Amino acid sequence: MADIDPSYYDNLVRSANRHGKVPAGQRLEFSGGWRKAAVTLTGEPIPAAEEAHEAAKPIIEVPVAEQLRRLHPAVASARQDKTRLAFKGPVRNRALRVLDALAKEAVRRGYEVSRAEVNPRGYRGSSRDSDLVITIGEHDHALSVVEDTDRTPHEPTARELEEAAKPFGRRIPKYDHTPSGRLTVHINGGLGVRQSHFGDTKTYNLENRLGEILQEIEGRAAASEARRLERIAQAEAEKRAWEEVRDQAILDATEAYYAKVLAKQAERWERANELARYLDAMAARIESLDPEPRAAGEAWLAWSRTYVASLSPLAKKLRMPEAPKLTTEDIKPFMRGLSPYGPRGY
């Protein structure tokens, strides 16, 4: 469908989430825009950590100052940046007061507040810079304030009609979009709990919803932290499992080395026995020789017996071979298909 009004569908999704119109433990999320070809609504399970966090903390009303005084440093910086919050005077003033209220309440709750222009970790979406960043633990949540627009039917001008009549002419828009004075705060970052947008509605002003915004951020931080700890636990479990395989592979490789040593000893023993039998035959032959060639034969027999005696491992002190100094490649065949370099292959 063309020219979808995102605010209409977004409001439907918000209402469904807020009033329990979705299955228990689920949430709906809206994605789309004016020129998108479709609107996607998806339901995803809410992690238990998020539900427990929401149930444990009631929404606290956040006071908003009537004037721009003693602003939080991050908001004061945003006020000086004329490229941000490019609204008309009263609307910009209101947006700054809303951000200031959120910043001060976040600080009161022990969170970090900055205006670092970042793409929060885990945020899948626009690269638009943020107006404010609230950090809880290791988790960033960027807030952006936008002014909603009103849509009215567009009255084509004569020039537009003329241009549209040309081959491959420019398309005439169906609607005009004008600033409405209504504000919406977008939350970017973390795992969405209920919704990502909070703004003016027919029944609520944005100022009355700042507690909801902070609760959403806290829920996202709790869910992100739960997922972080889960990933750490999973990585540790993978490491322990890999270490068990690696330790067994070292034992198996060592056993294989000892087996090779034993096999070589047996080969030398067999060779020594074979040569000893030959030397017995040599000695019998020497007995039948004349004195002069017998002397030469006995000298050769004496050297040969010494050499053969040195070949047999039984002629030496028997003991366990020294443990081998195994390399990564030595244990690789015994790793049961896992990488010898680590649980993640490196």
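Which residues have the most contacts inside the largest nonpolar core? They are Leu132, Ile134, Leu143, Val145, Leu210, Ile213 and Ile217, in a core of 34 residues. A nonpolar core here is a set of buried Ala, Val, Leu, Ile, Met, Phe, Trp, Tyr and Cys residues joined through side-chain atoms within 4.5 Å, and buried means under 20% relative accessible area with a 1.4 Å probe, protein chains only.

Bear in mind that this is a predicted model, where local features need pLDDT of at least 70, side-chain atom pairs count only at pLDDT 80 or more, and totals for chains, interfaces and linings use all residues. Residues are numbered from 1 along each chain as its sequence is written, and side-chain values use heavy atoms, leaving out hydrogens and water.

The largest share, nine residues, comes from α4.

Then there's a second, separate core of eight residues, including Ala272, Leu275, Leu301 and Leu311.

Now for the helix pair. α6 and α7 (residues 291-311) pack at about 165 degrees, with axes 10 Å apart; axes are lines fitted to C-alpha atoms over the stretch in contact, and angles run from 0 to 180 degrees between N-to-C directions. The two are therefore roughly antiparallel (over 145 degrees).

| Class | Residues in the α6 and α7 contact |
|---|---|
| Nonpolar (Ala, Val, Leu, Ile, Met, Phe, Trp, Tyr, Cys, Pro) | twelve residues |
| Polar (the others, Gly among them) | three residues |

How values were computed:
Buried < 20%, exposed > 50% of the residue type's maximum accessible area, 1.4 Å probe, protein only. Helix = DSSP H or I, 4+ residues; strand = E, 2+ residues; numbered from the N terminus. Parallel < 35°, antiparallel > 145°, perpendicular 65-115°, else oblique.
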